[in-house]
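Hello,

Here is the structure for you to look at. My notes on it follow below.

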Amino acid sequence: DIAGTPFAIFRATDIWDRLASHPDTRAHIVDSGFRSAVEKLRRLDGQAAAREVMDDPRLLQAVMAMSGEGRLKLKEEELARAEVGGRMRRRDPVQFSHMERAHSHASCDEAREAGNEHFKRGEYADAAACYERALRLAGKAGGGVA
């Protein structure tokens, strides 16, 4: 059982709100691999939960953030090493930082044009985030052309 351990917090009903509100874990919540790792962690007990946390640096960061034990700053190299080693599922191409930048575009046309510029420069994740933003804005505007 994980009651009384740092992993117990992951069974809280508001865990996603807590992760989204913490500056260290906010960037991970849009990644499908992180979301599935947290969901898996919620079902595990004791040793199995500890193994999962040790394999995925994002989970270790989340445990520290949620338990108030301090802050763990992750380096890109650490995440890449965990991905390449197969310990952590590869991150989605479009991450929170890309979505955050795309969110600055207020209109469908502006987001689409920004996406085109990113695409031309080979910045495909930013382009995809801008195109997604354009589609959402078009949907809100009643189906404008994206």
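In helix α3, E52, V53 and D55 meet P57, L59, L60 and V63 of helix α4; contact means heavy atoms within 4.5 Å. The residues of this contact divide into 5 nonpolar, no polar and 2 charged. Here Ala, Val, Leu, Ile, Met, Phe, Trp, Tyr, Cys and Pro count as nonpolar, Asp, Glu, Lys and Arg as charged, and the others, Gly among them, as polar.

This is a predicted model, in which local features need pLDDT of at least 70 and side-chain atom pairs count only at pLDDT 80 or more, while totals for chains, interfaces and linings use all residues. Residues are numbered from 1 along each chain as its sequence is written, and side-chain values use heavy atoms, with hydrogens and water left out.

Helix α3 covers residues 46-55 and helix α4 residues 57-67; they pack at an angle of about 110 degrees, with their axes 5 Å apart. That makes α3 roughly perpendicular to α4 (under 35 degrees counts as roughly parallel, over 145 as roughly antiparallel, 65 to 115 as roughly perpendicular and the rest as oblique).

Helix α7 (residues 108-120) and helix α8 (residues 124-140) cross at roughly 165 degrees, and their axes come within 8 Å. α7 and α8 are therefore roughly antiparallel to each other. The residues of their contact divide into 11 nonpolar, 3 polar and 3 charged.

E83 lies in helix α5 (residues 76-84). At 11% relative accessibility, E83 counts as buried (under 20% relative accessible area; over 50% is exposed and in between is partly exposed, with a 1.4 Å probe and protein chains only). Leaving aside residues up to four places away in sequence, E83 touches M88, R89, R90 and R91.

Regards

Note on methods: Axes fitted to C-alpha atoms, helices over the stretch in contact; angles between N-to-C directions. Helix = DSSP H or I, 4+ residues; strand = E, 2+ residues; numbered from the N terminus.
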